[in-house]
Amino acid sequence: KHYGELFEASIQPNADTNFKKSDLAQQMLTIDKTLSVGFAPHPKPVAESILNQVTDTILNPKTTSVLFAVMELESTGSVSQSLREIHKNDKVFSLGITDKEGEKGDVKIKLYEPRSKRGVLVNGKDTPKVLPPPFDSEASLGLGHQVHHKFVVTNFNQPDATVYCGSSNLALGGETKNGDNLLKIQDPDIAAAFAIEAIRLIDHFQFRNRQSKETDVKPLVLNSTDQWTKRYFDPNDLYCLDRKLFIGLPAKV
């Protein structure tokens, strides 16, 4: 019903200027207890309110984990700022990937560090193309982006798991100008699927980054001892929280 109304509104004369005045653009529309949808473009106050809802979910004191894949993290609006900063908070398990550096280089690739509970933020742009044949020549989409995702997952392994996703760039400019959709989904199974996609992307680009730095003197090889397991049981290491979260234990940082 809502999408039918959206279609009718979008083909009316002067829809580019009149749509913001319609009821469809004034708020996130609740479909049922697990799904809400926002149809952009919104008036600026409404767009700010919607993005602040996402930010409030990320920064909620009860949030124990944040996983995300977002094309850019230097866009306007509160969401980008919160995602740039969340990996610095060692009270929240955070993994994220973006595909464009900030002007000050503050979105450089971050790898796991021993004895650190700080989260991980990976930048796809930092990863050189070092692949074996026949994958050494990669197709270009012409957009300059290796990561074009736009989603955020909070509390992926908890009953209140939430996903924000859609074509929305989670940015103020897009929410006030583009004809994007933003979905809020509150369902643990769907959150788990998105969390797996975030981890897949992060692991892929982390591996490629490490592979690009290997040398004949220091090749990339598996550890020949069991020393690698110790960090998974060190309460001061992010890997320890990683282990507990992914086997379903409560997230107590």
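Colleague: Is R200 buried, partly exposed or exposed?
Modeller: Keep in mind that this is a predicted model. R200 has a relative accessible area of 47%. Exposed would take over 50% and buried under 20%, so R200 comes out as partly exposed.

Colleague: Which residue forms a salt bridge with R200?
Modeller: Side chains of opposite charge can pair when their charged atoms come close. Look along helix α6, 3 residues away from R200, about one turn of the helix. With the closest N and O atoms 2.9 Å apart, the partner is E197.

Colleague: And K1, how far apart are the closest N and O atoms in its salt bridge with E5?
Modeller: K1 counts as exposed, at 77% relative accessibility, while E5 is partly exposed at 31%. A salt bridge needs the nitrogen within 4 Å of the carboxyl oxygen. For K1 and E5 the distance is 2.6 Å.

Colleague: Which element gives the most to the largest nonpolar core?
Modeller: That core has 25 residues, and L67, L95 and I97 touch the most other members. Several elements supply at least two residues each, including β3, β4 and α7. The top contributor, with 7 residues, is α6.

Colleague: How many residues are in the other core, the one with A47 and V70?
Modeller: This core lies apart from the largest one, and L73 and V92 are also among its members. Its residue count is 21.

Notes: Residues numbered from 1 in each chain as written. Predicted model: local features only at pLDDT ≥ 70, side-chain atom pairs only at ≥ 80, totals over all residues. Heavy atoms only, no water. Core = buried A, V, L, I, M, F, W, Y, C linked by side-chain atoms within 4.5 Å. Buried < 20%, exposed > 50% of the residue type's maximum accessible area, 1.4 Å probe, protein only. Helix = DSSP H or I, 4+ residues; strand = E, 2+ residues; numbered from the N terminus. Salt bridge = Lys/Arg side-chain N within 4 Å of Asp/Glu carboxyl O.
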